[in-house]
Amino acid sequence: MQGEDARYLKRKVKGGNIDVHPSEKALIVHYEVEATILGETGDPMLGERKECQKIIRLKSLNANTDIASLARKVVEECKLIHPSKLAEVEQLLYYLQNRRDARVKLTSLYLYIIAYDCFQIDEVANINDMDEYIELLYEDIPDKVRGSALILQLARNPDNLEELLINETALGALARVLREDWKQSVELATNIIYIFFCFSSFSQFHGIITHYKIGALCMNIIDHELKRHELWQEELAKKKKADILLMDPENQTLKKDYEKTYKKYQGLVVKQEQLLRVALYLLLNLAEDTRTELKMRNKNIVHMLVKALDRDNFELLILVVSFLKKLSIFMENKNDMVEMDIVEKLVKMVPCEHEDLLNITLRLLLNLSFDTSLRNKMVQVGLLPKLTALLANENYKQVAMCILYHISMDDRFKSMFAYTDCIPQLMKMLFECPDERVDLELISFCINLAANKRNVQLICEGNGLKMLMKRALKFKDPLLMKMIRNISQHDGPTKNLFIDYVGDLAAQISNDEEEEFVIECLGTLANLTLPDLDWELVLKEYKLVPYLKDKLKPGSAEDDLVLEVVIMIGTVSMDDSCAALLAKSGIIPALIELLNAQQEDDEFVCQIIYVFYQMVFHQATRDVIIKETHIFLMIKHTELLLLICYCCYLSFLIFSIISDVYVDLIQVIQKL
């Protein structure tokens with residue numbers, strides 16, 4: 001029988017091109033099989049030609065492999081490769097040896113998904129055989145898995161997507177099988193969702209996914225799988241508890257039974273996490289459309305994602321946290337995350353060994369840190385020292401500093417930074433900054449911390465203040481001077497350190513310097529309420545009185561600068577000799593004129609009244625205020641309680657020191 005068949009059937013194999021496998025260490029040999037049926041006379045009656053492929057896996061190929069020897073071995077063992085192609089095989093093997101393995105370190109989410117191979121098959125799919133693959137989708141589950149895996153091979157090549165798109169029979173069959181059989185096989189569900197995921201990577205194909213309602217189906221699958229995982233964990237915990245209670249040191253049966261159950265659980269989790277990865281990534285791609293994202297929120301996508309944070313799989317966690325980061329920019333989604341105690345779940349990932357996961361987790365925390373209650377939660381769960389430790393790492397320094405900056409905005413938490421190594425690190429960054437202006441995030445963080453007295457003590461340790469002053473004066477940096485201004489506001493030893501720098505600060509008060517820088521220098525000087533400081537000498541030596549008087553003229557400068565000038569005058573007015581100097585210069589009428597111009601601005605009125613409050617203590621200025629001004633008639637227009645208190649105290653002082661000649665004036669004051 002075999003002899004007769006040989007006489008009437010002729011089979012011919014012809015070798016073709018050799019390529020490298022796109023993702024594995026393997027060669028793909030293309031060949032052509034030609035089968036011809038011969039008649040009794042030997043003439044060909046019917047012929048068929050088919051293109052085939054053979055995969056040669058090279059598991060032993062590594063960096064130390066002898067390429068020449070391996071190439072000879074491949075050619076000798078594979079009859080489909082002609083010996084004349086030895087040099088070509090060597091070249092391909094050399095390429096494979098030096099090609100970066102996509103599974104070693106993946107830096108994009110798409111590559112994480114591509115690394116997945118749920119159903120290993122040795123076949124290489126061909127777009128011309130789609131009809132065969134579709135027929136497999138109508139068979140039993142194993143055939144459906146095989147058919148979906150072959151279609152998946154094609155879908156992973158973007159060049160095939162448009163051809164697959166026009167094959168409505170294939171897409172309809174895939175959607176039907178997923179809808180009907182996803183509970184029967186995780187591998188089948190994963191393959192089909194992965195096929196639609198390939199389409200979701202391109203916005204123009206999102207319509208076809210919406211048409212078959214794959215997104216809604218994926219959400220149902222994710223919800224079901226998360227609930228299944230909870231049941232698995234409960235059953236495993238019960239079994240472990242029972243085994244512990246019944247444990248007999250001489251009986252190892254219970255222990256082996258538990259280990260067997262746990263091993264089975266791990267295998268199920270691995271398959272389930274592959275399914276969750278492709279399903280979630282498909283949804284993430286669809287969420288480009290905010291209307292679709294809103295539908296997902298209405299189906300509790302945030303709750304599902306936060307639940308998934310309990311997993312240990314790095315690739316899945318990166319995807320979940322990335323999705324949460326995208327959703328967190330909307331208040332409604334953020335509120336859902338608050339309900340699910342997301343911060344408590346994220347804290348376990350800071351720090352972690354996986355760079356990509358840590359980076360995306362920090363960025364999610366940054367989005368969440370705009371919420372006051374969540375910042376409070378971050379401090380409660382102990383994130384502050386963890387984030388501080390990340391300042392030493394260049395990869396995470398910037399985002400960690402931004403989160404810490406947000407935390408430092410709350411006065412309740414400023415003092416907590418003193419109990420970490422945050423301040424020494426920040427000072428080191430400040431002094432080592434190569435640019436003239438310090439990074440905005442860094443200096444803003446430092447400005448906030450300098451508002452706390454304990455932090456200031458650490459900042460000024462050693463030559464801290466000296467180095468800050470030197471840098472600020474050298475580069476005329478207004479933000480760095482703002483930090484110094486905050487330092488100067490705290491009473492105690494740190495304020496006394498500024499005596500050495502009064503002259504340097506006073507020298508900056510001129511029209512030649514940048515206005516923002518002058519404002520901070522004035523503010524710093526105004527904070528120096530030191531009894532040992534000779535303000536009269538400072539005013540004369542640096543000729544500040546003409547400058548201060550000139551800036552009091554309405555419209556002569558920006559309001560911010562004028563306000564600082566008024567505050568500065570209030571500080572120097574505590575000194576008796578300075579008060580006399582100011583009275584002679586005509587500053588008091590200038591203040592009255594400014595008060596008239598700015599009487600609708602509560603801050604201006606408050607600070608000007610404070611100046612008069614200080615001046616009334618000195619004889620030289622007291623008479624000018626009482627005799628030559630109508631300040632009390634102006635004060636009645638303000639409603640600030642603080643001003644009323646000042647006025648009452650002022651009237652009390654006047655009443656106690658003046659004669660009967662001012663009775664009419666006192667009566668006016670009492671009516672205020």
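A residue counts as buried under 20% relative accessible area, as exposed over 50%, and as partly exposed in between. The structure described here is a predicted model.

**Aromatic pairs**

A search of the whole structure finds 8 aromatic pairs. In one of them, the ring centres of Phe-199 and Phe-205 are 5.7 Å apart and the planes stand at 80 degrees, so this pair is edge-to-face. Another pair, formed by Tyr-262 and Tyr-265, is tilted, with 6.0 Å from centre to centre and 35 degrees between the planes. Both tyrosines, Tyr-262 and Tyr-265, belong to helix H12 (residues 253–286), where they are 3 residues apart, about one turn of the helix.

The accessibility of the residues in the two pairs is listed below.

| Residue | Relative accessible area | Class |
|---|---|---|
| Phe-199 | 0% | buried |
| Phe-205 | 8% | buried |
| Tyr-262 | 34% | partly exposed |
| Tyr-265 | 14% | buried |

Tyr-262 is partly exposed because its relative accessible area of 34% falls between the limits of 20% and 50%.

**Contact of helices H23 and H26**

Helix H23 (residues 422–432) and helix H26 (residues 464–475) have axes that come within 11 Å and cross at roughly 35 degrees. This crossing of H23 and H26 is left-handed. On the H23 side, Met-427, Leu-430 and Phe-431 take part in the contact, and they meet Gly-464, Met-467, Leu-468 and Arg-471 of H26. By class, the contact of H23 with H26 comprises 5 nonpolar, 1 polar and 1 charged residues.

Terms used: Residues numbered from 1 in each chain as written. Predicted model: local features only at pLDDT ≥ 70, side-chain atom pairs only at ≥ 80, totals over all residues. Heavy atoms only, no water. Phe/Tyr/Trp six-rings, centres within 6.5 Å; stacked < 30°, edge-to-face > 60°. Buried < 20%, exposed > 50% of the residue type's maximum accessible area, 1.4 Å probe, protein only. Helix = DSSP H or I, 4+ residues; strand = E, 2+ residues; numbered from the N terminus. Axes fitted to C-alpha atoms, helices over the stretch in contact; angles between N-to-C directions. Left-handed = near helix turned anticlockwise from the far one by under 90°. Contact = heavy atoms within 4.5 Å. Nonpolar A, V, L, I, M, F, W, Y, C, P; charged D, E, K, R; others polar.
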